[in-house]
Amino acid sequence: MFWSIFIKSFIIMMAIVAIGQVIATISAKKPSQ
Amino acid sequence: MRYGILAAVIIYEIVVIFGIGWWVSRNHKKDEAGAFALAGRDLPLGVVAATMALTVLGTAHILGVFEMTWFMGASAIWFSIAHVVLLVVVCLSTGLWVRRLEVTTVPELLERMYGKGTRLLVSCVMAAVIWGILTLETQGIGIVLSSMTGWSIKNGAIVGGILGIFYVVLAGMKEVGWINLVNAVIMYIGLVLATVFLAFKLPGGNFDTVANFYTDAGEGFMLNIVGSTEILITFALANIVSVTFCQGISQMLLQTCMSAKSEQTIKKALWIAAPVNGLFGVFAVVIGLTAKTLPEFSALGPKVAATTMMVELLPGWVCVVLLASFLAAILSTFAMTSLTPATIFAVDIYKNLFNPNATEQQVTTVTRIAIIILSVIAMAIAAFLPPILSAINWLFAWLVPVFWLVVFGLFWKRSAKTAIATLLASWIINSIWSFTSLPAAINMADIPNGYVTLVVTFVVAVIMNLGGGGKPAYFKSEEYLLTKKVG
């Protein structure tokens with residue numbers, strides 16, 4: 001039970017961080033920035 | 001009374017706080033600009049990451065998550081996931097902007113975009129909101145100490161408050177940062193040890209019996225972190241909106257970004273701060289789920305079952321490390337929630353309004369005095385145990401319009417009239433929503449204040465920006481481009 005909750009939560013959290021990083025990188029490359 | 005646990009934890013806190021405080025203040029450059037409040041804008045990666053993670057990890061992550069898990073099961077983890085979203089937003093946008101513009105406070109940024117009136121309004125409200133959280137954390141210290149040692153909540157709040165004052169008052173931001181780094185390590189040692197020893201105490205030496213309890217009772221959903229669609233909309237999304245748009249612009253979190261060595265430091269800190277903050281919730285959820293399955297603790301109810309279980313089942317020395325771990329989480333938030341409103345008072349009120357020629361030393365002295373006064377009042381109020389947690393929803397919603405005014409002002413349009421109208425409209429509606437029967441009368445009592453202020457902010461600010469005049473976005477303005485060239 002512990003590892004199931006730990007691994008699923010970790011994946012969701014790091015996916016959110018990675019998505020945020022991708023969005024930030026794309027918007028930084030836009031000419032308006 | 002468990003005097004051994006109490007004495008060991010207090011001695012640990014005194015050694016860490018005074019040891020690091022003395023070491024940091026020895027190398028403290030007192031006359032350097034922003035030395036006390038912003039650590040000379042020179043905090044390294046590890047310190048920034050630990051401070052960001054621990055600043056938004058406090059009482060609600062411990063006692064709040066234990067209680068939420070009791071009712072909704074593992075999906076209470078969305079409270080922690082909401083804080084990960086917050087850290088992403090801060091480390092990749094608002095935190096970078098305040099570091100780039102080299103402001104000392106968020107209200108100072110608002111003055112650059114919207115003028116002195118907006119700065120003053122936001123200073124008063126932001127300091128008050130953060131101070132409300134300080135009162136909550138002071139209560140939290142008292143409750144955690146009381147439930148794990150048998151000491152009175154009043155004594156716990158007073159001694160915890162004094163430790164919290166020394167956590168910050170000796171050398172300011174730099175002291176808080178380095179103590180946080182040590183405490184982040186202790187926090188995880190405590191959590192891992194407590195979880196391992198708890199598992200050993202269960203049949204089979206693992207958590208299988210806990211899982212079986214819920215499955216057999218037909219409550220398998222309690223083990224599912226995604227939960228139902230209803231939980232995702234009413235709990236997960238509501239938390240993400242409220243936490244991100246309030247804390248995402250709060251001085252409480254942004255003062256660490258202002259103190260970072262560079263923008264790059266903040267971006268890198270995200271990859272450490274997010275898991276350090278977020279995974280705390282996993283341990284809290286597992287402890288909360290376990291407490292409900294054991295009849296002797298389940299009978300105590302959601303408020304004290306988990307903490308009582310830990311004290312009863314774990315060896316004394318593990319309890320000491322776990323209590324130190326919980327105090328690390330709460331005291332770090334206490335320190336930042338006392339330092340940041342004190343900084344707003346010293347910079348935005350004292351220096352800005354009363355003494356524009358104040359030296360760095362004078363500002364530091366005023367900040368120190370404000371830290372002590374704000375903390376002492378919080379301790380006095382917390383000892384009477386008012387229902388502060390129920391006010392958090394209302395309290396957080398006050399900063400939602402500030403977040404969007406900063407975004408609009410930096411990237412779209414700036415108008416003082418729009419800013420003040422948006423702030424006043426959102427704040428009035430927020431108070432009406434909490435203190436009148438209007439939400440019930442229009443059948444919308446379940447809608448949280450964060451959603452309501454978000455809608456009002458967008459309606460007022462967008463209509464006024466589209467309809468009226470105003471200066472161009474700050475990042476496209478001549479004053480910004482000029483400072484960039486000079487820099």
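## Domain contact in chain B

In this predicted model, 21 residues of domain 1 of chain B are in contact with 17 residues of domain 2 of chain B. On the domain 1 side, α5 (78-100), α6 (106-114), α7 (116-149) and α11 (229-247) of chain B each supply at least two residues. The most is given by α7(B), with six residues. By residue class, the side of domain 1 of chain B that touches domain 2 of chain B divides into 13 nonpolar, seven polar and one charged.

The two domains of chain B span residues 3-390 (domain 1) and 399-487 (domain 2). A distance of 27 Å separates their C-alpha centres.

## The nonpolar core

The largest nonpolar core comprises 175 residues, and those with the most contacts inside it are B:Leu87, B:Val88, B:Val285, B:Leu323 and B:Leu399. Helix α17 (residues 316-354) of chain B gives the most to this core, namely 22 residues. The core lies between domain 1 (3-390) and domain 2 (399-487) of chain B, because both of them give residues to it. In soluble globular proteins, nonpolar side chains tend to be buried together.

B:Leu323, one of the core residues with the most contacts, is in contact with B:Ile5, B:Val9 and B:Met148 when its neighbours within four places in sequence are left aside.

B:Val168 has its place in helix α8 (residues 153-169) of chain B. This residue has 30 other C-beta atoms within 10 Å and is therefore buried, the cut-off being 20 or more.

Leaving aside its neighbours within four places in sequence, B:Val168 is in contact with B:Glu175, B:Val176, B:Ala335, B:Ser338, B:Leu339 and B:Ile371. The C-alpha atoms of B:Val168 and B:Arg368 are separated by 8.8 Å, although these residues are 200 residues apart along the chain.

## Packing of α14(B) and α16(B)

Two packed helices are described by the angle between their axes and the distance between the axes. For helix α14 (residues 280-293) and helix α16 (residues 305-313), both of chain B, the axes come within 9 Å and cross at roughly 85 degrees.

From α14(B), the residues B:Ile287, B:Gly288, B:Ala291 and B:Lys292 meet B:Ala305, B:Ala306, B:Met309 and B:Met310 of α16(B). The residues of this contact divide into six nonpolar, one polar and one charged.

## Positive phi angles

Most residues other than glycine have a negative phi. B:Arg41 has a positive phi of about 50 degrees although it is not a glycine. B:Arg41 is found in the loop between α2 (35-38) and α3 (45-55) of chain B, and counts as partly exposed because it has 18 C-beta neighbours inside 10 Å.

B:Asn443, likewise not a glycine, has a positive phi of about 60 degrees. The loop between α22 (438-441) and α23 (449-467) of chain B holds B:Asn443. With 8 C-beta neighbours inside 10 Å, B:Asn443 counts as exposed.

Chain A has one helix and zero strands. Its C-alpha atoms fill a box of roughly 50 × 5 × 5 Å along the principal axes. Of the 33 residues of chain A, 18% count as buried.

Between the chains, 14 residues of chain A are in contact with 22 residues of chain B. The side of chain A that touches chain B is made up of 10 nonpolar residues, three polar and one charged.

Key: Residues numbered from 1 in each chain as written. Chains lettered and ligands numbered in written order. Predicted model: local features only at pLDDT ≥ 70, side-chain atom pairs only at ≥ 80, totals over all residues. Contact = placed C-beta atoms within 7 Å. Nonpolar A, V, L, I, M, F, W, Y, C, P; charged D, E, K, R; others polar. Axes fitted to C-alpha atoms, helices over the stretch in contact; angles between N-to-C directions. Helix = DSSP H or I, 4+ residues; strand = E, 2+ residues; numbered from the N terminus. Core = buried A, V, L, I, M, F, W, Y, C linked by C-beta atoms within 7 Å. Buried ≥ 20, exposed ≤ 12 C-beta atoms within 10 Å, placed from the backbone. Domains from an automatic or database assignment.
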